[in-house]
Amino acid sequence: MKKIMVATLVILTTPYLSAAEIYNKDANKLDFYGSVQARHYFSDYTGSDGDNSYVRFGFKGQTQINDRLTGYGQWEYNVQTNHTEGGSDALSGNKTRLGFAGLKWGNFGSLDYGRNWGVLYDVASITDVAAIFDDLTYSYSDSFMSGRSTGLLTYRNNNFFGLAEGLKFAVQYQGANDENSNNARMATKANGDGYGFSSSYTFDWGGAILGAYSASNRTLAQQQLAYGRGDKAENWATGVKYNAHSLYLAALYSETHNMAPIGSIGMANKAQNMEAVAQYLFNTGIQPEIGYFQSKGKQIEGVGDVDLIKYVDFGLTYFFNKNMSVYADYKMNLLKDDNPLAIPADDVFGLGLSYRF
């Protein structure tokens, strides 16, 4: 029982730990992983009410080229199961989350390219642990290097060339994805050329400190949006976490410039973001969780300073084993109903059953 609880605690911050090995021969290995989430939301806001079930799966592979050089690749896909078969909504929400390939050379680190996690998520990931409502304050998909994004060239080094155990760093470059590229997209999901880096140090007693920074050019279309008209998008973030003895604690602070989205009409000139979570895993398999998330937009045209995100999250999960769990999550929205940007301010309650493999 104790071994199951330890494995489950690691899963909290390492999704799909129990990937199934489907091929391992001649120095080539391929793992298959995924999850099925049967999930339903309850809210007065119709955009958050109802079924929200999905299936997520992927492959992780590697090949040993020689005694020092290893090639690797990963692909991950999401399929919404709350849609009709062949209807107008059939493809909505179905998406490639990850798709990249790279090379790793011993202690010299790894270099890969493709659709991957931006380096800013290295910090954001420490609070991305809620069962459902993990609406992070500065990390979004296809928002520069803050979450999963396209055209990322990433160098990572663990243990600082083998000289300092626990010290990691990453350097990342992102090519332009805008209205003039072969991957044209809407302004709020576009980006110009940019770079970023992150670093972290993990102590042997379970604590860790992390930091990240990115800077990108903004596209012409982004500079013409209703909010946030600067020519640069920047973000810096720092965080701390503790993960030991069945207790998980994490907190972060970040500031963004011309990055925090305001619906589909713009981005805040500046946003100050705070996140904090606490979880405890009992030997019975029960895990309560509480989190606080706030993003305050600053100097917004015609509005001034206003909260973009503000909520408290209460979660409760029961792990049958490392593969199966049932959970409930309540998002207590602290935004005002009459907020000037008309951001939804309703509470949301969710129930779910999860199978991971």
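Are Arg115 and Asp142 buried or exposed? Both are buried. The points below start from the whole chain and return to that pair. The model is a predicted one.

1. **Overall form.** The chain has 357 residues and a radius of gyration of 21 Å, which agrees with the value near 21 Å for a compact globule. Along the principal axes, its C-alpha atoms fill a box of roughly 60 × 50 × 45 Å. Buried residues account for 45% of the chain.

2. **Secondary structure and contact range.** The chain contains four helices and 20 strands. Take the contacts between residues at least 6 apart in sequence: 55% of these join residues at least 24 apart.

3. **Main core.** The largest nonpolar core has 22 residues. Val123, Ile126, Tyr138, Tyr248 and Val277 touch the most other members. Two or more residues come from each of α2 (121–124), β11 (207–217), β12 (232–244), β13 (247–257) and β18 (304–319). A separate core of nine residues lies apart from this one and includes Ala268, Ala271, Val306 and Leu308.

4. **Val123 in detail.** What does Val123 touch, leaving out residues up to four places away in sequence? Its partners are Tyr138, Leu210, Gly211, Ala212, Ala237, Thr238, Gly239 and Leu252.

5. The structure holds seven salt bridges. One joins the side chains of Arg97 and Glu76, at 2.5 Å from N to O. Arg97 sits in strand β6 (residues 95–105) and Glu76 in strand β5 (residues 69–80), so this bridge ties together parts 21 residues apart in sequence. Both Arg97 and Glu76 are buried.

6. **Salt bridges, the opening pair.** Arg115 bridges to Asp142, with the closest N and O atoms 2.8 Å apart. Arg115 belongs to strand β7 (residues 110–117), while Asp142 is in the loop between α2 and β8, so the pair links parts 27 residues apart in sequence. Again, Arg115 and Asp142 are both buried.

7. **Salt bridges, helix to strand.** Arg156 and Asp122 meet through their side chains at 3.0 Å, N to O. Arg156 is in strand β8 and Asp122 in helix α2, so parts 34 residues apart in sequence are tied together. Arg156 has a relative accessible area of 29%, and therefore counts as partly exposed. Elsewhere, Lys296, Asp307 and Lys310 are linked in a salt-bridge network.

8. **Arg148, a buried charge.** Arg148 lies in strand β8 (residues 148–158). Arg148 is buried but has no salt bridge. How far away is the nearest side chain of opposite charge? That side chain is Glu76, at 6.1 Å. Glu76 is also the partner of Arg97 in a salt bridge. Beyond its neighbours within four places in sequence, Arg148 contacts Arg97, Leu98, Arg115, Asn116, Trp117, Tyr140, Ser141 and Asp142. Those contacts include Arg115 and Asp142, which form a salt bridge with each other.

9. **Asp329, a buried charge.** Asp329 is placed in strand β19 (residues 324–333). Asp329 is buried and has no salt bridge. The nearest side chain of opposite charge is Arg39, 7.7 Å away. Which backbone nitrogen lies 2.9 Å from a polar atom of the Asp329 side chain? It is that of Ile132. Not counting residues up to four places away in sequence, Asp329 touches Ala130, Ala131, Ile132, Phe133, Glu289, Asp313, Phe314, Gly315, Val348, Phe349 and Gly350.

10. Most residues other than glycine have a negative phi. Asn159 has a positive phi, near 60 degrees. Asn159 is in helix α3 (residues 159–162) and, at 30% relative accessibility, counts as partly exposed. Asn258 also has a positive phi, of about 55 degrees. Asn258 is in the loop between β13 and β14 (261–262). Is Asn258 buried or exposed? At 9% relative accessibility, Asn258 counts as buried, because the cut-off is under 20%.

Notes: Residues numbered from 1 in each chain as written. Predicted model: local features only at pLDDT ≥ 70, side-chain atom pairs only at ≥ 80, totals over all residues. Heavy atoms only, no water. Core = buried A, V, L, I, M, F, W, Y, C linked by side-chain atoms within 4.5 Å. Buried < 20%, exposed > 50% of the residue type's maximum accessible area, 1.4 Å probe, protein only. Contact = heavy atoms within 4.5 Å. Lys, Arg positive; Asp, Glu negative; His and termini not counted. Salt bridge = Lys/Arg side-chain N within 4 Å of Asp/Glu carboxyl O. Polar contact = N/O pair within 3.5 Å; in protein donor to acceptor, adjacent residues only side chain to side chain. Rg over C-alpha atoms; globule rule 2.2 N^0.38 Å.
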